[in-house]
Amino acid sequence: MREIAKAFTIAAKDVLTEIRTREIISSVVVFAVLVIVIFNFAFGSNQQAAGLVAPGIIWVTFAFAGILSLNRSFILEKEEDCIEGLMVAPISRESIYLGKFFGNLFFILLIQAIVIPVFSLLFNVGFFNIELVLITVMASVGFASVGTLFAAMAVSTRARELVLPVLFFPVITPVIIAAVNASAAILDGGVLSSITQWLGIIGAFDVIFLVASYLIFCFIIEE
Amino acid sequence: MAVETNPAVEVKNLSRTFGTFEALKNLSLAVRPGETLAIFGHNGAGKTTLLKILSTVMKPTGGEIYYGGLSIAADAENIRRRLGVVSHRSFLYSSLTAYDNLVFYSRLYDVAGYETRIKHLLNQLGLRSRMYDKVGTFSRGMSQRLAIARALLHRPEIVLMDEPESGLDSSAMDTLWQLMREDCRTIIFTHHNLERGFQAASRVVIMARGRMFFCPDIKCSPGELEKAYASSLETA
(Lines give C-alpha, C1' and ligand atoms only; values in the text may rest on other atoms or scores of the structure.)
Protein backbone atom coordinates (compact mmCIF):
# COMPACT_ATOMS: atom_id res chain seq x y z
CA MET A 1 0.00 0.00 0.00
CA ARG A 2 2.87 2.32 0.90
CA GLU A 3 4.42 1.54 -2.48
CA ILE A 4 1.25 2.65 -4.28
CA ALA A 5 1.08 5.85 -2.19
CA LYS A 6 4.68 6.73 -3.11
CA ALA A 7 3.94 5.92 -6.76
CA PHE A 8 1.03 8.37 -6.68
CA THR A 9 3.33 11.01 -5.15
CA ILE A 10 5.66 10.63 -8.15
CA ALA A 11 2.75 10.67 -10.62
CA ALA A 12 1.30 13.77 -8.92
CA LYS A 13 4.68 15.48 -9.29
CA ASP A 14 4.63 14.71 -13.04
CA VAL A 15 1.13 16.15 -13.33
CA LEU A 16 2.15 19.27 -11.39
CA THR A 17 5.19 19.68 -13.67
CA GLU A 18 2.88 19.45 -16.69
CA ILE A 19 0.51 22.03 -15.20
CA ARG A 20 3.49 24.37 -14.74
CA THR A 21 5.01 23.82 -18.20
CA ARG A 22 2.18 22.53 -20.45
CA GLU A 23 4.86 20.91 -22.60
CA ILE A 24 3.46 17.42 -23.16
CA ILE A 25 -0.27 17.97 -23.51
CA SER A 26 -0.15 21.03 -25.76
CA SER A 27 2.41 19.63 -28.22
CA VAL A 28 1.00 16.10 -28.32
CA VAL A 29 -2.61 17.23 -28.73
CA VAL A 30 -1.64 19.60 -31.56
CA PHE A 31 0.28 16.75 -33.22
CA ALA A 32 -2.60 14.27 -32.85
CA VAL A 33 -5.21 16.73 -34.14
CA LEU A 34 -2.99 17.58 -37.13
CA VAL A 35 -2.66 13.88 -38.03
CA ILE A 36 -6.43 13.43 -37.82
CA VAL A 37 -7.07 16.55 -39.91
CA ILE A 38 -4.62 15.34 -42.58
CA PHE A 39 -6.31 11.93 -42.73
CA ASN A 40 -9.68 13.68 -42.86
CA PHE A 41 -8.60 15.66 -45.91
CA ALA A 42 -7.26 12.48 -47.52
CA PHE A 43 -10.57 10.61 -47.07
CA GLY A 44 -12.84 13.64 -46.71
CA SER A 45 -15.17 13.22 -49.66
CA ASN A 46 -15.42 9.44 -49.36
CA GLN A 47 -17.49 8.82 -46.24
CA GLN A 48 -17.53 5.04 -46.78
CA ALA A 49 -13.73 4.81 -46.99
CA ALA A 50 -13.36 7.11 -43.99
CA GLY A 51 -15.64 4.87 -41.96
CA LEU A 52 -13.58 1.80 -42.88
CA VAL A 53 -10.19 3.28 -41.98
CA ALA A 54 -11.32 5.32 -38.97
CA PRO A 55 -10.33 2.71 -36.31
CA GLY A 56 -6.88 2.36 -37.87
CA ILE A 57 -6.38 6.10 -38.07
CA ILE A 58 -7.29 6.74 -34.44
CA TRP A 59 -5.02 4.00 -33.08
CA VAL A 60 -2.07 4.95 -35.29
CA THR A 61 -2.55 8.53 -34.11
CA PHE A 62 -2.60 7.40 -30.47
CA ALA A 63 0.52 5.29 -30.99
CA PHE A 64 2.53 8.19 -32.44
CA ALA A 65 1.16 10.70 -29.95
CA GLY A 66 1.94 8.25 -27.14
CA ILE A 67 5.58 8.04 -28.23
CA LEU A 68 5.96 11.82 -27.98
CA SER A 69 4.46 11.83 -24.50
CA LEU A 70 6.49 8.84 -23.26
CA ASN A 71 9.75 10.28 -24.57
CA ARG A 72 9.23 13.44 -22.55
CA SER A 73 8.46 11.67 -19.27
CA PHE A 74 11.99 10.45 -18.59
CA ILE A 75 13.78 13.43 -20.12
CA LEU A 76 12.31 15.31 -17.15
CA GLU A 77 14.03 12.89 -14.76
CA LYS A 78 17.34 13.07 -16.60
CA GLU A 79 17.68 16.83 -16.21
CA GLU A 80 19.70 17.53 -13.06
CA ASP A 81 19.83 13.73 -12.49
CA CYS A 82 16.44 13.81 -10.77
CA ILE A 83 16.15 10.06 -11.34
CA GLU A 84 19.04 9.70 -8.86
CA GLY A 85 17.06 11.83 -6.42
CA LEU A 86 14.31 9.23 -6.65
CA MET A 87 16.82 6.38 -6.37
CA VAL A 88 18.30 7.67 -3.11
CA ALA A 89 14.84 8.15 -1.57
CA PRO A 90 13.51 5.42 0.76
CA ILE A 91 11.23 3.91 -1.85
CA SER A 92 11.59 0.79 -3.96
CA ARG A 93 12.65 0.93 -7.60
CA GLU A 94 9.27 -0.64 -8.35
CA SER A 95 7.51 2.38 -6.82
CA ILE A 96 9.43 4.61 -9.21
CA TYR A 97 8.24 2.46 -12.14
CA LEU A 98 4.64 2.54 -10.92
CA GLY A 99 4.81 6.30 -10.38
CA LYS A 100 6.04 6.93 -13.89
CA PHE A 101 3.51 4.39 -15.24
CA PHE A 102 0.58 6.12 -13.52
CA GLY A 103 1.80 9.50 -14.77
CA ASN A 104 2.16 8.26 -18.35
CA LEU A 105 -1.22 6.50 -18.25
CA PHE A 106 -2.86 9.70 -17.02
CA PHE A 107 -1.32 11.75 -19.86
CA ILE A 108 -2.22 9.16 -22.52
CA LEU A 109 -5.83 9.03 -21.33
CA LEU A 110 -6.03 12.81 -21.11
CA ILE A 111 -4.71 13.19 -24.66
CA GLN A 112 -7.25 10.62 -25.86
CA ALA A 113 -10.05 12.42 -24.04
CA ILE A 114 -9.17 15.61 -25.93
CA VAL A 115 -8.49 14.03 -29.32
CA ILE A 116 -11.45 11.60 -29.54
CA PRO A 117 -14.16 14.32 -29.75
CA VAL A 118 -12.22 16.01 -32.58
CA PHE A 119 -11.90 12.64 -34.33
CA SER A 120 -15.60 11.84 -33.86
CA LEU A 121 -16.55 15.21 -35.27
CA LEU A 122 -14.31 15.06 -38.34
CA PHE A 123 -14.96 11.41 -39.22
CA ASN A 124 -18.59 11.42 -38.17
CA VAL A 125 -18.21 8.29 -36.03
CA GLY A 126 -19.64 7.87 -32.56
CA PHE A 127 -16.75 6.96 -30.27
CA PHE A 128 -18.70 7.47 -27.07
CA ASN A 129 -19.91 4.12 -25.83
CA ILE A 130 -18.83 1.90 -22.99
CA GLU A 131 -17.19 -0.75 -25.22
CA LEU A 132 -14.94 1.78 -26.96
CA VAL A 133 -14.04 3.39 -23.64
CA LEU A 134 -13.08 -0.06 -22.32
CA ILE A 135 -10.92 -0.80 -25.38
CA THR A 136 -9.25 2.61 -25.09
CA VAL A 137 -8.46 2.26 -21.37
CA MET A 138 -7.17 -1.31 -21.70
CA ALA A 139 -4.97 -0.48 -24.71
CA SER A 140 -3.66 2.61 -22.91
CA VAL A 141 -2.54 0.47 -19.96
CA GLY A 142 -0.54 -1.64 -22.44
CA PHE A 143 0.94 1.48 -24.04
CA ALA A 144 1.94 2.96 -20.69
CA SER A 145 3.35 -0.26 -19.19
CA VAL A 146 5.71 -1.03 -22.08
CA GLY A 147 6.32 2.61 -22.93
CA THR A 148 7.45 3.52 -19.41
CA LEU A 149 10.03 0.72 -19.40
CA PHE A 150 11.36 1.52 -22.86
CA ALA A 151 11.40 5.26 -22.18
CA ALA A 152 13.62 4.56 -19.15
CA MET A 153 15.93 2.50 -21.37
CA ALA A 154 15.96 5.00 -24.23
CA VAL A 155 16.61 8.11 -22.15
CA SER A 156 20.21 7.11 -21.44
CA THR A 157 21.01 6.67 -25.13
CA ARG A 158 22.20 9.46 -27.38
CA ALA A 159 19.49 8.99 -30.04
CA ARG A 160 16.64 8.54 -27.56
CA GLU A 161 13.98 10.01 -29.89
CA LEU A 162 14.81 7.24 -32.38
CA VAL A 163 15.48 4.44 -29.93
CA LEU A 164 12.10 4.58 -28.21
CA PRO A 165 9.93 4.04 -31.33
CA VAL A 166 12.30 1.31 -32.56
CA LEU A 167 11.89 -0.55 -29.26
CA PHE A 168 8.24 0.33 -28.65
CA PHE A 169 6.39 -0.31 -31.91
CA PRO A 170 7.37 -3.96 -32.51
CA VAL A 171 6.31 -4.87 -28.97
CA ILE A 172 3.09 -2.84 -28.89
CA THR A 173 1.87 -4.11 -32.31
CA PRO A 174 -0.41 -6.85 -30.84
CA VAL A 175 -2.22 -4.20 -28.78
CA ILE A 176 -2.65 -1.90 -31.78
CA ILE A 177 -3.96 -4.77 -33.97
CA ALA A 178 -6.37 -5.94 -31.26
CA ALA A 179 -7.55 -2.38 -30.50
CA VAL A 180 -8.13 -1.59 -34.20
CA ASN A 181 -10.09 -4.80 -34.76
CA ALA A 182 -12.13 -4.42 -31.60
CA SER A 183 -12.92 -0.75 -32.36
CA ALA A 184 -13.89 -1.64 -35.94
CA ALA A 185 -16.25 -4.35 -34.71
CA ILE A 186 -17.95 -1.97 -32.26
CA LEU A 187 -18.20 0.87 -34.81
CA ASP A 188 -19.74 -1.68 -37.17
CA GLY A 189 -22.56 -2.28 -34.69
CA GLY A 190 -21.04 -5.18 -32.74
CA VAL A 191 -21.56 -5.76 -29.03
CA LEU A 192 -19.16 -6.53 -26.19
CA SER A 193 -19.45 -10.31 -26.62
CA SER A 194 -18.22 -10.00 -30.22
CA ILE A 195 -14.88 -8.52 -29.18
CA THR A 196 -14.00 -10.70 -26.21
CA GLN A 197 -11.09 -12.38 -28.03
CA TRP A 198 -9.56 -8.99 -28.83
CA LEU A 199 -10.07 -7.75 -25.29
CA GLY A 200 -8.51 -11.01 -24.11
CA ILE A 201 -5.37 -10.29 -26.14
CA ILE A 202 -5.11 -6.74 -24.81
CA GLY A 203 -5.82 -7.88 -21.23
CA ALA A 204 -3.19 -10.65 -21.39
CA PHE A 205 -0.67 -8.19 -22.87
CA ASP A 206 -1.40 -5.67 -20.10
CA VAL A 207 -0.91 -8.21 -17.31
CA ILE A 208 2.23 -9.80 -18.78
CA PHE A 209 3.98 -6.55 -19.66
CA LEU A 210 2.94 -4.68 -16.54
CA VAL A 211 4.33 -7.45 -14.31
CA ALA A 212 7.45 -7.99 -16.45
CA SER A 213 8.21 -4.25 -16.69
CA TYR A 214 7.64 -3.83 -12.94
CA LEU A 215 10.19 -6.57 -12.23
CA ILE A 216 12.77 -5.53 -14.85
CA PHE A 217 12.73 -1.80 -14.17
CA CYS A 218 15.22 -1.91 -11.27
CA PHE A 219 17.88 -3.45 -13.53
CA ILE A 220 17.27 -0.78 -16.17
CA ILE A 221 17.76 2.23 -13.91
CA GLU A 222 20.65 0.81 -11.92
CA GLU A 223 22.79 0.11 -14.99
CA MET B 1 34.96 -1.72 29.76
CA ALA B 2 34.84 -0.01 26.37
CA VAL B 3 31.49 -0.12 24.57
CA GLU B 4 31.83 -1.52 21.07
CA THR B 5 29.76 0.21 18.44
CA ASN B 6 29.38 -0.61 14.77
CA PRO B 7 31.03 1.83 12.40
CA ALA B 8 28.49 4.25 10.91
CA VAL B 9 29.69 3.16 7.48
CA GLU B 10 31.84 0.15 6.70
CA VAL B 11 33.08 -0.72 3.24
CA LYS B 12 34.75 -4.09 2.68
CA ASN B 13 36.72 -5.02 -0.46
CA LEU B 14 34.52 -2.88 -2.70
CA SER B 15 35.08 -3.12 -6.42
CA ARG B 16 33.31 -1.71 -9.45
CA THR B 17 34.17 -2.21 -13.10
CA PHE B 18 32.85 -0.46 -16.20
CA GLY B 19 33.57 -2.89 -19.03
CA THR B 20 37.26 -3.63 -18.60
CA PHE B 21 37.97 -0.47 -16.60
CA GLU B 22 38.27 -0.97 -12.85
CA ALA B 23 36.94 2.18 -11.18
CA LEU B 24 37.23 0.73 -7.65
CA LYS B 25 39.63 -2.04 -6.64
CA ASN B 26 39.14 -3.88 -3.35
CA LEU B 27 38.53 -0.67 -1.46
CA SER B 28 37.96 -0.89 2.29
CA LEU B 29 37.01 1.92 4.66
CA ALA B 30 35.36 2.39 8.04
CA VAL B 31 33.76 5.65 9.21
CA ARG B 32 32.96 6.16 12.89
CA PRO B 33 29.64 7.65 14.02
CA GLY B 34 29.81 11.45 14.12
CA GLU B 35 32.96 11.57 12.00
CA THR B 36 33.35 14.04 9.13
CA LEU B 37 35.44 12.27 6.54
CA ALA B 38 36.94 14.13 3.59
CA ILE B 39 37.90 12.10 0.53
CA PHE B 40 40.49 13.65 -1.75
CA GLY B 41 41.85 12.31 -5.01
CA HIS B 42 42.76 13.28 -8.54
CA ASN B 43 40.17 13.26 -11.35
CA GLY B 44 39.14 9.68 -12.07
CA ALA B 45 40.36 8.37 -8.71
CA GLY B 46 36.93 6.80 -8.07
CA LYS B 47 35.51 9.26 -5.52
CA THR B 48 32.20 9.85 -7.31
CA THR B 49 31.81 6.13 -8.06
CA LEU B 50 32.35 5.37 -4.38
CA LEU B 51 29.72 7.94 -3.33
CA LYS B 52 27.25 6.65 -5.94
CA ILE B 53 27.64 3.12 -4.59
CA LEU B 54 27.37 4.33 -0.98
CA SER B 55 24.19 6.22 -1.85
CA THR B 56 22.72 3.04 -3.48
CA VAL B 57 22.41 4.66 -6.88
CA MET B 58 24.95 2.24 -8.34
CA LYS B 59 25.54 -1.41 -7.52
CA PRO B 60 29.07 -2.59 -6.82
CA THR B 61 30.64 -5.40 -8.82
CA GLY B 62 31.96 -6.93 -5.61
CA GLY B 63 32.37 -6.28 -1.91
CA GLU B 64 30.07 -5.35 0.95
CA ILE B 65 28.78 -2.16 2.54
CA TYR B 66 27.28 -1.84 6.02
CA TYR B 67 25.53 1.11 7.61
CA GLY B 68 25.52 0.72 11.38
CA GLY B 69 25.84 -3.03 10.90
CA LEU B 70 23.01 -3.25 8.34
CA SER B 71 23.97 -4.63 4.95
CA ILE B 72 23.15 -2.38 2.01
CA ALA B 73 22.41 -5.47 -0.09
CA ALA B 74 19.68 -6.65 2.30
CA ASP B 75 18.26 -3.44 3.73
CA ALA B 76 18.74 -0.72 1.10
CA GLU B 77 15.36 0.94 1.56
CA ASN B 78 15.76 1.39 5.32
CA ILE B 79 19.32 2.59 4.88
CA ARG B 80 18.24 5.19 2.31
CA ARG B 81 15.88 6.66 4.92
CA ARG B 82 18.97 7.48 7.03
CA LEU B 83 20.97 8.99 4.17
CA GLY B 84 21.12 12.50 2.80
CA VAL B 85 22.83 12.95 -0.56
CA VAL B 86 24.27 16.08 -2.16
CA SER B 87 25.61 15.34 -5.62
CA HIS B 88 27.22 17.23 -8.51
CA ARG B 89 23.67 17.71 -9.79
CA SER B 90 20.85 19.13 -7.69
CA PHE B 91 18.17 16.40 -8.19
CA LEU B 92 15.70 19.31 -8.46
CA TYR B 93 12.99 19.81 -11.07
CA SER B 94 13.66 23.08 -12.85
CA SER B 95 10.03 23.70 -13.83
CA LEU B 96 8.78 23.36 -10.24
CA THR B 97 9.22 25.98 -7.54
CA ALA B 98 11.68 25.52 -4.67
CA TYR B 99 8.73 24.84 -2.38
CA ASP B 100 7.14 22.28 -4.76
CA ASN B 101 10.45 20.43 -4.98
CA LEU B 102 10.89 20.27 -1.22
CA VAL B 103 7.26 19.22 -0.65
CA PHE B 104 7.73 16.41 -3.18
CA TYR B 105 10.86 15.10 -1.47
CA SER B 106 9.26 15.53 1.98
CA ARG B 107 6.45 13.23 0.87
CA LEU B 108 8.89 10.65 -0.44
CA TYR B 109 10.74 10.70 2.90
CA ASP B 110 7.56 10.88 5.04
CA VAL B 111 8.73 14.08 6.76
CA ALA B 112 6.22 14.96 9.49
CA GLY B 113 5.27 18.66 9.66
CA TYR B 114 7.21 19.35 6.51
CA GLU B 115 5.94 22.91 6.02
CA THR B 116 7.75 24.12 9.13
CA ARG B 117 10.86 22.14 8.27
CA ILE B 118 10.95 23.52 4.71
CA LYS B 119 10.56 27.11 5.90
CA HIS B 120 13.24 26.61 8.55
CA LEU B 121 15.75 25.24 6.06
CA LEU B 122 14.98 27.87 3.42
CA ASN B 123 15.41 30.56 6.07
CA GLN B 124 18.78 29.13 7.13
CA LEU B 125 19.96 28.91 3.54
CA GLY B 126 18.72 32.38 2.59
CA LEU B 127 16.16 31.17 0.06
CA ARG B 128 12.92 32.00 1.86
CA SER B 129 12.15 34.98 -0.39
CA ARG B 130 12.53 32.78 -3.48
CA MET B 131 10.58 29.75 -2.25
CA TYR B 132 7.77 30.22 -4.78
CA ASP B 133 10.09 30.83 -7.73
CA LYS B 134 10.86 28.14 -10.27
CA VAL B 135 14.20 26.41 -9.71
CA GLY B 136 15.00 26.99 -13.39
CA THR B 137 15.41 30.71 -12.58
CA PHE B 138 17.97 30.04 -9.81
CA SER B 139 21.72 30.61 -10.11
CA ARG B 140 24.13 27.68 -9.67
CA GLY B 141 24.80 28.65 -6.07
CA MET B 142 21.11 28.98 -5.20
CA SER B 143 20.37 25.58 -6.74
CA GLN B 144 23.20 24.09 -4.68
CA ARG B 145 21.78 25.65 -1.50
CA LEU B 146 18.36 24.23 -2.33
CA ALA B 147 19.95 20.83 -3.00
CA ILE B 148 21.44 20.99 0.52
CA ALA B 149 17.98 21.78 1.94
CA ARG B 150 16.59 18.80 0.00
CA ALA B 151 19.26 16.50 1.41
CA LEU B 152 18.64 17.61 5.00
CA LEU B 153 14.81 17.67 4.94
CA HIS B 154 14.44 14.33 6.73
CA ARG B 155 17.24 14.96 9.25
CA PRO B 156 19.53 12.20 7.93
CA GLU B 157 22.02 10.51 10.27
CA ILE B 158 24.58 10.16 7.49
CA VAL B 159 25.24 12.70 4.75
CA LEU B 160 27.12 11.90 1.54
CA MET B 161 28.31 14.92 -0.43
CA ASP B 162 30.17 15.13 -3.72
CA GLU B 163 31.91 18.51 -3.98
CA PRO B 164 29.29 20.21 -1.78
CA GLU B 165 30.84 23.68 -1.91
CA SER B 166 30.78 24.03 -5.69
CA GLY B 167 28.96 27.22 -6.62
CA LEU B 168 28.58 28.41 -3.02
CA ASP B 169 29.80 31.76 -1.74
CA SER B 170 31.75 31.91 1.53
CA SER B 171 28.74 32.67 3.75
CA ALA B 172 26.76 29.80 2.20
CA MET B 173 29.74 27.51 2.81
CA ASP B 174 29.69 28.44 6.51
CA THR B 175 25.93 27.83 6.67
CA LEU B 176 26.42 24.48 4.94
CA TRP B 177 28.83 23.21 7.59
CA GLN B 178 26.77 24.69 10.42
CA LEU B 179 23.68 22.83 9.18
CA MET B 180 25.64 19.65 8.61
CA ARG B 181 26.99 19.58 12.13
CA GLU B 182 23.52 19.78 13.69
CA ASP B 183 22.40 16.46 15.19
CA CYS B 184 25.99 15.06 15.27
CA ARG B 185 25.76 13.63 11.80
CA THR B 186 28.25 11.36 10.15
CA ILE B 187 29.46 13.07 7.00
CA ILE B 188 31.41 11.73 4.05
CA PHE B 189 32.35 14.26 1.42
CA THR B 190 34.68 14.73 -1.50
CA HIS B 191 36.51 17.98 -2.12
CA HIS B 192 38.90 19.26 -4.76
CA ASN B 193 40.44 21.86 -2.45
CA LEU B 194 42.81 20.32 0.11
CA GLU B 195 42.77 23.32 2.43
CA ARG B 196 38.98 23.81 2.54
CA GLY B 197 38.30 20.09 2.80
CA PHE B 198 40.90 19.66 5.56
CA GLN B 199 39.32 22.49 7.59
CA ALA B 200 35.86 20.93 7.46
CA ALA B 201 36.93 17.33 8.11
CA SER B 202 37.68 15.43 11.29
CA ARG B 203 39.60 12.86 9.24
CA VAL B 204 40.91 12.77 5.69
CA VAL B 205 41.70 10.02 3.21
CA ILE B 206 43.12 10.05 -0.32
CA MET B 207 42.02 7.80 -3.17
CA ALA B 208 44.12 7.02 -6.22
CA ARG B 209 43.27 4.76 -9.16
CA GLY B 210 40.28 3.20 -7.41
CA ARG B 211 42.17 2.33 -4.22
CA MET B 212 42.54 3.89 -0.80
CA PHE B 213 46.01 5.45 -1.17
CA PHE B 214 46.26 7.22 2.19
CA CYS B 215 43.94 6.24 5.02
CA PRO B 216 45.18 7.24 8.48
CA ASP B 217 43.08 6.33 11.51
CA ILE B 218 43.24 9.83 12.96
CA LYS B 219 43.39 13.29 11.41
CA CYS B 220 46.83 13.85 9.94
CA SER B 221 48.64 17.18 9.79
CA PRO B 222 48.19 19.48 6.77
CA GLY B 223 51.81 18.79 5.81
CA GLU B 224 51.31 15.02 5.80
CA LEU B 225 48.17 15.46 3.69
CA GLU B 226 49.94 17.60 1.11
CA LYS B 227 52.83 15.17 0.89
CA ALA B 228 50.53 12.16 0.52
CA TYR B 229 48.44 13.98 -2.09
CA ALA B 230 51.53 14.83 -4.13
CA SER B 231 52.56 11.14 -4.06
CA SER B 232 49.07 10.09 -5.10
CA LEU B 233 49.31 12.32 -8.16
CA GLU B 234 52.49 10.49 -9.20
CA THR B 235 50.62 7.18 -9.22
CA ALA B 236 47.68 8.62 -11.19
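In chain B of this predicted model, L37(B) stands opposite R203(B) in β9(B). Strand β3 (residues 36–41) of chain B and strand β9 (residues 203–208) of chain B are paired in the parallel sense, over 5 bridges. Both belong to an open sheet of 6 strands, ordered β6-β7-β8-β3-β9-β10 (chain B), in which the pairing is mixed. At the edges of this sheet stand β6 (83–86) and β10 (211–214) of chain B; each has a single partner strand, so one side of each is left without a neighbour in the sheet. On average, neighbouring strands here are turned by 25° against each other, direction ignored.

Helix α8 (residues 222–235) of chain B lies across β3, β9 and β10 of chain B and runs at about 15° to β9(B).

Chain B also holds an open sheet of 4 strands, with the order β2-β1-β4-β5 (chain B) and antiparallel pairing. Its edges are β2 (21–31) and β5 (70–71) of chain B, each with a single partner strand, so one side of each is left without a neighbour in the sheet. Strand β4 (residues 62–67) of chain B pairs with β5(B) in the antiparallel sense over 2 bridges. Y66(B) stands opposite S71(B) in β5(B).

At 1.5 Å a residue, the 20 residues of helix α2 of chain A should span 28 Å, and the end C-alpha atoms are 29 Å apart, which agrees. The buried residues of α2(A) are I24(A), V28(A), A32(A), I36(A) and F39(A). Seen down the axis of α2(A), these buried residues fall within an arc of 65°, so they line one face of the helix. They pack against α1 (2–21), α3 (47–78) and α5 (93–123) of chain A. On the other side of α2(A), the exposed residues S26(A), V30(A), L34(A), I38(A) and F41(A) are found.

The contact between the chains takes 20 residues from chain A and 24 residues from chain B. On the side of chain A that touches chain B, the elements that give two or more residues are α1 and α4 (82–87) of chain A. Of these, α1(A) gives the most, with 7 residues. By class, this side of chain A has 7 nonpolar, 5 polar and 8 charged residues.

Methods. Residues numbered from 1 in each chain as written. Chains lettered and ligands numbered in written order. Predicted model: local features only at pLDDT ≥ 70, side-chain atom pairs only at ≥ 80, totals over all residues. Expected span 1.5 Å × (residues − 1). Buried ≥ 20, exposed ≤ 12 C-beta atoms within 10 Å, placed from the backbone. Arc of directions from axis to C-beta. Contact = placed C-beta atoms within 7 Å. Nonpolar A, V, L, I, M, F, W, Y, C, P; charged D, E, K, R; others polar. Pairing = 2+ DSSP bridges. Axes fitted to C-alpha atoms, helices over the stretch in contact; angles between N-to-C directions.
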